[in-house]
Amino acid sequence: ADNLSDALKKLKITTTDSTPDSLEGCLDCLLQALAQNNMETSETIQKSGVLQVFASLLTPQSSCTAKVANIIAEVARNEFMRNPCVDAGLIPPLVQLLNCKDQEVLLQTGRALGNICYDSHEGRNAVDRAGGAHIVVDHIRSLCSKTDPASEKLLTVFCGMLMNYSNENDTLQSQLINMGVIPTLVKLLGIHCQNAALTEMCLVAFGNLAELESSKEQFAYTNIAEELVKLFKKQIEHDKKEMIFEVLAPLAENDVIKLQLVEAGLVECLLEIVQKTVDSDKEDDIAELKTASDLMVLLLLGDESMQKLFEGGKGSVFQRVLSWIPSNSHQLQLAGALAIANFARNDGNCIHMVDNGIVQKLMDLLDRHVEDGNVTVQHAALSALRNLAIPVVNKAKMLSAGVAEAVLKFLRSEMPPVQFKLLGTLRMLIDAQAEAAEQLGKNVKLVERLVEWCEAKDHAGVMGESNRLLSALIRHSKSKDVIRTIVQSGGIKHLVTMATSEHVIMQNEALVALALIAALELVTAEKDLENAQLVQILHRLLSDDRSAPEIKYNSMVLICALIGSEPLQKEVQSMAFLEVVSKLRSHENKTVAQQASLTEQRLGVES
């Protein structure tokens with residue numbers, strides 16, 4: 001400790017008139033003390049006021065420069081020292097040193113700047129103001145192809161410095177991307193793939209940059225996919241694979257890169273991981289299985305990459321994914337069902353899958369989760385069934401396979417995501433399927449649950465889907481029994497509210513359903529329609545210039561049907577509908593204009 005305080009005193013006094021030798025001795029003493037107890041020594045250095053002195057010692061001509069930079073690098077390993085280094089004015093002279101040719105000076109300067117930037121907003125800003133990043137990027141470019149140990153060491157330090165500089169800072173990441181650092185780093189990864197420390201730095205730098213949208217476009221023009229897959233194949237350690245996964249996941253959000261990764265053979269690697277880890281209960285293996293299967297699902301979100309792997313339903317990848325569904329691993333069941341949902345994004349694939357028995361596999365999977373209720377698996381399997389039910393030719397096949405019954409088992413679920421998918425699946429299944437719509441519409445338990453969900457104000461999606469399914473049951477069945485079930489369960493008021501939705505498609509579905517109610521079961525529904533103030537709502541929709549033509553048309557059709565009821569007719573007469581309707585006779589939409597004439601005649605006759 002005495003030596004240290006002596007050295008610090010000497011440094012303060014002797015910088016102006018000291019010999020290089022006495023200076024070297026003082027610096028060696030500091031380095032030694034830092035090696036023994038970095039934190040305590042750093043505190044002592046800070047209190048002594050020597051940091052300001054260092055700024056004057058950082059000159060390219062001095063033989064002590066590398067040692068001074070090394071001391072700064074060491075003290076900046078402590079969080080509490082980074083701001084004092086900035087305040088002492090050390091950044092500009094350090095950045096100037098990046099222009100010198102001496103390898104040791106460059107190495108220690110790179111370390112010092114990297115450590116000052118670590119988790120320090122002030123440090124990064126100071127390096128940015130001094131233009132440090134530009135010089136470092138130029139160095140990386142010129143050293144990129146050199147594979148001697150000294151150059152690789154320097155590259156590792158410079159990549160680390162850029163990583164600390166841009167970490168969690170969008171502005172500085174964008175700056176590096178605009179400097180064109182990405183192609184350089186990708187090239188670096190290819191050339192130095194044998195150097196573990198350097199590839200690790202590259203990967204962390206990629207991880208930093210890959211989150212930004214603008215970076216993905218640049219990555220797509222490089223051979224990053226090929227390099228990462230090549231590197232991935234060589235990895236044995238879990239941590240290294242995890243690092244590569246962390247870069248792959250954000251990159252795989254880009255459709256162009258998805259396809260490149262598929263073409264580079266990533267899928268085969270992922271399938272291999274799944275095979276190796278599926279029966280293991282080791283924590284690392286479970287994590288790897290999850291990451292690999294999640295990434296697989298992500299690759300299937302791109303249309304081109306998905307079709308490439310589907311290969312007309314004959315693809316080995318598609319077949320392997322199918323085998324995940326009956327697996328005992330919840331993670332694989334989930335990934336398998338999500339993958340099927342992704343494959344089911346066009347009619348051709350859906351028809352092929354239904355014809356090849358995929359529906360039974362999904363129903364068996366759902367069956368396994370009725371009791372123990374793994375919500376994510378339920379949600380994924382229902383998503384897949386919903387997508388498969390979209391093509392017209394699949395609906396009847398899926399209904400006769402018992403899909404509606406399988407889905408209804410989840411009616412008692414309290415989980416909004418499951419409720420949402422369940423509703424969507426049923427709505428897809430009954431589209432233009434009159435018999436199925438009638439059967440479901442007479443199911444009192446289902447209708448009562450729908451009415452309950454129509455009030456789920458906290459879950460707009462569930463509320464919207466419940467309303468749409470109620471309307472669909474009426475529209476597709478055109479059945480008096482269904483209407484009576486819905487009236488008895490208190491569903492009318494929700495259909496009337498749905499007619500005021502901000503979505504034209506939902507407004508329209510509600511009006512068509514209400515018109516069918518008025519045409520088929522007006523007496524039964526009369527009281528509920530009156531209480532829900534349907535007539536006032538129709539007056540509002542017809543008076544509103546912003547209402548879509550189909551809304552105006554269906555509102556008038558409904559008015560004509562409602563005047564078959566005495567109390568509703570009185571309401572219509574009391575609200576001056578004739579005036580509103582006669583204006584619509586000159587509507588630019590011919591169908592609206594024609595319906596306005598008809599409605600005017602009907603209203604005239606009735607009054």
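1. Lysine 290 and aspartate 294 form a salt bridge in this predicted model, at 2.7 Å from N to O. A salt bridge here is a side-chain nitrogen of Lys or Arg within 4 Å of a carboxyl oxygen of Asp or Glu. The two residues sit four apart in helix α20 (residues 283–299), so about one helical turn separates them. Helices are DSSP runs (H or I, at least four residues), numbered from the N terminus. Lysine 290 is partly exposed, at 42% relative accessible area; aspartate 294 is too, at 32%. Partly exposed lies between buried (under 20%) and exposed (over 50%), with a 1.4 Å probe and protein chains only.

2. Aspartate 355 pairs with lysine 397 in a salt bridge, closest N and O atoms 2.9 Å apart. Aspartate 355 belongs to helix α24 (residues 347–355) and lysine 397 to helix α27 (residues 392–400), so the bridge ties parts 42 residues apart in sequence.

3. Lysine 240 bridges to glutamate 200, with closest N and O atoms 3.8 Å apart. This pair links distant parts of the chain, helix α17 and helix α14 (residues 196–209), 40 residues apart.

4. The salt-bridge count is 29.

5. Mean pLDDT (the predictor's confidence in each residue, from 0 to 100) is 90 for the chain, and 97% of residues reach 70 or more. Helix α1 (residues 2–14) has the lowest mean among the elements, 68. Where pLDDT is low, predicted coordinates should not be read in detail.

6. Numbering starts from 1 along each chain as its sequence is written. The model is predicted: local features need pLDDT of at least 70, side-chain atom pairs count only at 80 or more, and totals for chains, interfaces and linings use all residues, while side-chain values use heavy atoms, without hydrogens and water.
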